[in-house]
Structure formats: structure tokens, C-alpha cells
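Take a look at the structure below. The paragraphs after it lead through a few of its features, one at a time.

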Amino acid sequence: MRYQRSSALFQSALKFIPGGVNSPVRAFKAVGGSPVFVQKAKGAYLYDVDGNQLIDYISSWGPMILGHAFEPVLEAVKDRADRGTSYGMPTELETQIAELVVQMVPNIDKVRMVNSGTEACMSSVRLARGYTGREKIIKFAGCYHGHSDAFLIQAGSGATTFGSPNSPGVTQGTAMDTLLAQFNDLESVSLHFEKHPEKIAAIIIEPVAGNMGCIPPKAGFVEGLRKFCDEYQSLLIFDEVMTGFRLAKGGAQEALGVKADIMTYGKVLGGGLPVGAFAARKEIMDHLAPDGPVYQAGTLSGNPLAMAAGFAMLTHLNDHADIFERLKIKTKVLADGMAGEIDKKGIPYQINQYGSMLSLHFTEKQVVNFETAALGNNDRFKQYFQGMLDRGVYLPPSAFESCFLNDALSEEDIDFTLSALENWLNSL
Ligand SMILES: *Cc1c(COP(=O)(O)O)cnc(C)c1O
């Protein structure tokens, strides 16, 4: 495939945008070459500025679970746009989507809309601190909760891809209140509680990690976190920005059968527009302004276009809950097919899959946490990414990112992807 025009556009972008992109992972630093510039997208496909058609396995990093340019979402946005794009005043639509979220998700009574997953996670921690009167939080190495200061301590995703886990600009004081534990390792959590039994406001976790590749929790791990939180009166925050409305109607809480205290959402919730949210039971949410003293606000929060897109998206998912099972099966077929192809070549690899999330790591050791994810062979991953791109398959441009499948992907698309993989493996 040819990428001349993308390449030229990237050169122009570099002059006026830091690194040529508005979010670091898009820059292809981990895989080399020039990022692909998109012209348009429909269903399972991306169409780039050079006229290539690519099968899309990132789905805008999750939101496009129904495929691109899904008609009911587009219709809702167009209809709303005609009536003005922002008022800074309440609309009925905000109550409608909040009611639907509360209906779909277990263990929440109220939900506050924000503009990104970052905002949702940042606000959820402030709420947990305000509610408990404690300052410290526990996070897991390799988990990403957006780019606010408290989370840039061994964050996954782009922060890992670029080898700057502890970003300059984050103060020593902030870092001190973020206690680091290892995913799938309860012992590493227990040590913090023993040391600070009355200081930990919350544990924040991606219940199924998606920002160091896909890493599912081992049996008993998330249940163990729940127990610690109950024992030490800390709150359990599930960062469901990735897993919410993707793994099940009720997200990871439903899929794993474990209830958390505060949930954060984003991605799918916005139907492709910038939306985040955090939600909890009434007694916790009552601490939030204007009811309570914990401050949080947003000029464009609950924006009518974003709410229209999100409401159309959630309504569809709520009415067609078979999508989650269908996506899971599709992803399993892909995972098994990939394993079959790579087995033939005898290359060491691990495939992790949970629901519609999947990642391939070129390593012999099982990938269960950040440390084992980091053992992957990066040169091999680069070759794999470029090899698949050349054959019309767009994968996440970093081994620390998960693939996200969407409902528009057909059996033929999966077959095409497996043939591309076979063809690339044979070229090695
Ligand atoms: C994407 C993501 C975020 C950040 O959301 P943004 O909308 O990019 O700010 C937070 N947590 C998780 C688990 C994510 O995947």
C-alpha cells in the first residue's frame, strides 16, 4: 500500500502541532513510519487519504463498538445540531441518558457527565478523597487512568510506549500520594494497607486492563480488592472507560460479578463524541457540588451533541444486548485463528483476550501484569504492525495497546485478517 499523502500531511502537521498529533500514541513512534491520515470511515473500515481501505481494529480506541458512522448515532447528532450546539443550561436529554446509564449499570444511583475519561478519573479520585477524608490512592503499574498528575506514575498506554512513566511536571508531593501495586498481585496491595491502614481513600483499577495490552484479572484478584476496601473502609474505583458498555451492558462489574463503589466511563458512552462520566451510589454522589462540598464542573459537560450521540449509542446497545456475546465470539474466533497461524511458525507469543479486547505479545512468558507485558519483543511487534498495515489491517500502533473489535466486522473481515497474518508470517 502507498502512504505518500499521509506522509506529506504528517510533515505539515509537524510544523504546527507538537509531534504532529494531538495524542501521543497516534505518532507511530513505537512502530516507526508515518501515521496514516484518515479521510473517512464506515462500518469496519477506515479509508485513508491515499485511497487505501483498512480493516480497523482500534475502533477509535474503543468508542466505535457498533462500527464507524453508525446511522442512528449520526441521525441523532444531525438532528441536535440544527437546534444549537451548546447552551450551558440543562436539557431533558441529560436526564434521559443518566436514567439509561443507571438502568444499565449495577450499583449506581446517579451519574455526572464530563468531557473525557481523564476528567472522569480525576474527579472520581477527588470524590473518593472528599468522601473518605483520606489522601492516598493505590493504582496498578501499567494501568492508565488518563493524564492527570496523580495517575502518571507507571501509567500504561502512551506513557509507557514512550518510556516516560514518571512524567516531568508531576510534583513529588502528588507522586507520594499515589501508591503503586502490581496487577494480579494481592500481596502488593496488602503491603500498602498494612503500612497505611487509615490513609487510603481508594483503589483505582482497570478491572480488565487494556492499556498494557489486554490483561484479564486472575480468578479472585478483583474479589480480593473488594475485600481489602471493605476491611479498611476504602472505596473501590473501577475505571470502566474502556470496559464500560463494551464487556456487557453493566461493564466489568457485570462481566466479573464484582461491585465497585465509583465507576468511571468514557469512550463507548460518548458514541464517538468527547464524553466521560463518573457514577456511584447516592450516598457517595451526594458529596458532589452543588449538593455537597466536593467541587467539579464543566462548561461543555452534558453537551447536547455529545449526549445525543451517547444516548443513541446506549439505546441501541440496551435494546440489542446480544451484541456483547456476538463480539466476544468473534474475538475468540480471531484469537484462535491467530494462535493457529503463529503456532505453525514456532514464534514465541502470548494472546490475551477478554470479551472484545485482544492483544498479541511476542514473548514466551504469560502476560499477567506490566512487568511481563514489557518483556515482549518490540522489533517483532514493529514488523508485525507494519506487515499487517501493508496488507490492509490497521492494528493499535503499540504493543501496550489492546485491539477493540466492533460489531461491523464480518466473518470475511476476520478471514481476511487471518490470511494477512499468514501471509506476513510466510514473508519472515
Ligand atoms: C482512554 C482511557 C482513559 C482516558 O480517557 P480519555 O478520554 O482519553 O481522557 C482513562 N482510563 C482508561 C481505562 C482508558 O482506557
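Pro-290 sits in the loop that links helix 10 (282-285) to helix 11. This is a predicted model. The peptide bond leading from Ala-289 into Pro-290 is cis. Its omega is near 5 degrees.

Asn-184 is not a glycine, yet its phi is positive, at about 65 degrees.

Now turn to the helices. Two packed helices are described by the angle between their axes and the distance between the axes. Start with helix 2 (residues 71-81) and helix 11 (residues 304-319). Their axes come within 8 Å of each other. The crossing angle is roughly 155 degrees. Angles over 145 degrees count as roughly antiparallel, so helix 2 is roughly antiparallel to helix 11. The crossing of these two helices is right-handed.

Next come helix 12 (residues 322-345) and helix 15 (residues 411-427). Here the axes come within 10 Å, and they cross at roughly 15 degrees. The cut-off for roughly parallel is an angle under 35 degrees, so helix 12 runs roughly parallel to helix 15. Helix 12 passes helix 15 in a right-handed crossing.

The last stop is the ligand. Which residues are around it? They are Ser-116, Gly-117, Thr-118, Tyr-144, His-145, Gly-146, Glu-206, Asn-211, Asp-239, Val-241, Met-242 and Lys-267. Sorted by class, this shell holds 3 nonpolar, 6 polar and 3 charged residues.

From Thr-118, a polar side-chain atom lies 2.6 Å from a ligand oxygen atom. Lys-267 also contributes its side chain: an N or O atom there is 2.6 Å from an oxygen atom of the ligand. Tyr-144 takes part through its backbone, where a polar atom is 3.2 Å from a nitrogen atom of the ligand. How much of the ligand does the protein bury? Taken alone, the ligand exposes 380 Å², and the protein buries 83% of that.

Notes: Residues are numbered from 1 along each chain as its sequence is written. This is a predicted model: local features need pLDDT of at least 70, side-chain atom pairs count only at pLDDT 80 or more; totals for chains, interfaces and linings use all residues. Side-chain values use heavy atoms; hydrogens and water are left out. A residue is near a molecule or strand if one of its heavy atoms lies within 4 Å of it. A polar contact is a pair of N or O atoms within 3.5 Å; within protein, one must be able to donate a hydrogen and the other to accept it, and residues adjacent in sequence count only if both atoms are side-chain atoms. Accessible areas come from the Shrake-Rupley method with a 1.4 Å probe; for residues, only the protein chains shown count as cover. Ala, Val, Leu, Ile, Met, Phe, Trp, Tyr, Cys and Pro count as nonpolar, Asp, Glu, Lys and Arg as charged, and the others, Gly among them, as polar. Axes are lines fitted to C-alpha atoms, for helices over the stretch in contact, and angles run from 0 to 180 degrees between N-to-C directions. Helices (H or I, at least four residues) and strands (E, at least two) are DSSP runs, numbered from the N terminus. Angles under 35 degrees count as roughly parallel, over 145 as roughly antiparallel, 65 to 115 as roughly perpendicular and the rest as oblique. A crossing is left-handed if the near helix is turned anticlockwise from the far one by less than a right angle, and right-handed if clockwise.
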